[in-house]
Amino acid sequence: MPTKKTFTKESIINVCIEIIREEGYQALSIRNVAKRMNSSIQPIFYTFKSFDNLKNEVGEACFLMCNNFIYDSFKFEDKPYLSIGLNFLRFANEEKNIFKFLFDNKDLDFEKLASYNKYFKNVVSTVSNTVN
């Protein structure tokens, strides 16, 4: 009988985000994730098939995090573009390593992150609706 899977996709992604937050995205590796989870690298490769797939899934989770951060506190409802801009800067300040992972990471494959457009489509439409 095969052994029961003990690590979920979400738990692995959460560990990756912790590593990025604490040590920067350069510290993200399958070995570091496995070490944090007290595991071998096999369950991580079994779940994601490759390191690139893992990074892209973590990228999607981080983009969603950024999007939620931007929209969670609209202070200037009559000027949402101001709120979006200020919250984006707050995110960059409060989540420095996550921000660097998203916007200063040449290894992150934006073409594979199709959901990137989906998350920031709300930002663009809010601003354009206000300006028009």
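How many helices and strands does the protein have? The protein has seven helices and zero strands, where helices are DSSP runs of H or I with at least four residues and strands are runs of E with at least two, numbered from the N terminus. This is a predicted model, in which local features need pLDDT of at least 70, side-chain atom pairs count only at pLDDT 80 or more, and totals for chains, interfaces and linings use all residues. Residues are numbered from 1 along each chain as its sequence is written, and side-chain values use heavy atoms, with hydrogens and water left out.

Begin with the whole chain. Along the sequence, the pattern reads α-α-α-α-α-α-α. Of the 132 residues in the protein, 36% are buried (under 20% relative accessible area, with a 1.4 Å probe and protein chains only).

Next, select residues 51–72, which form helix 4, and residues 80–94, which form helix 5. These helices pack at an angle of about 130 degrees, with their axes 8 Å apart; axes are lines fitted to C-alpha atoms over the stretch in contact, and angles run from 0 to 180 degrees between N-to-C directions. Helix 4 and helix 5 are therefore oblique to each other, and their crossing is right-handed.

Now display the side chains at this contact (heavy atoms within 4.5 Å). Helix 4 contributes Met65, Cys66, Phe69, Ile70 and Tyr71. From helix 5 come Ile84, Asn87, Phe88, Arg90, Phe91 and Glu94. The residues of this contact comprise eight nonpolar, one polar and two charged.

Finally, return to the whole protein. Among its contacts with a separation of 6 or more, 62% join residues 24 or more positions apart.

Key
Parallel < 35°, antiparallel > 145°, perpendicular 65-115°, else oblique. Left-handed = near helix turned anticlockwise from the far one by under 90°. Nonpolar A, V, L, I, M, F, W, Y, C, P; charged D, E, K, R; others polar. Buried < 20%, exposed > 50% of the residue type's maximum accessible area, 1.4 Å probe, protein only.
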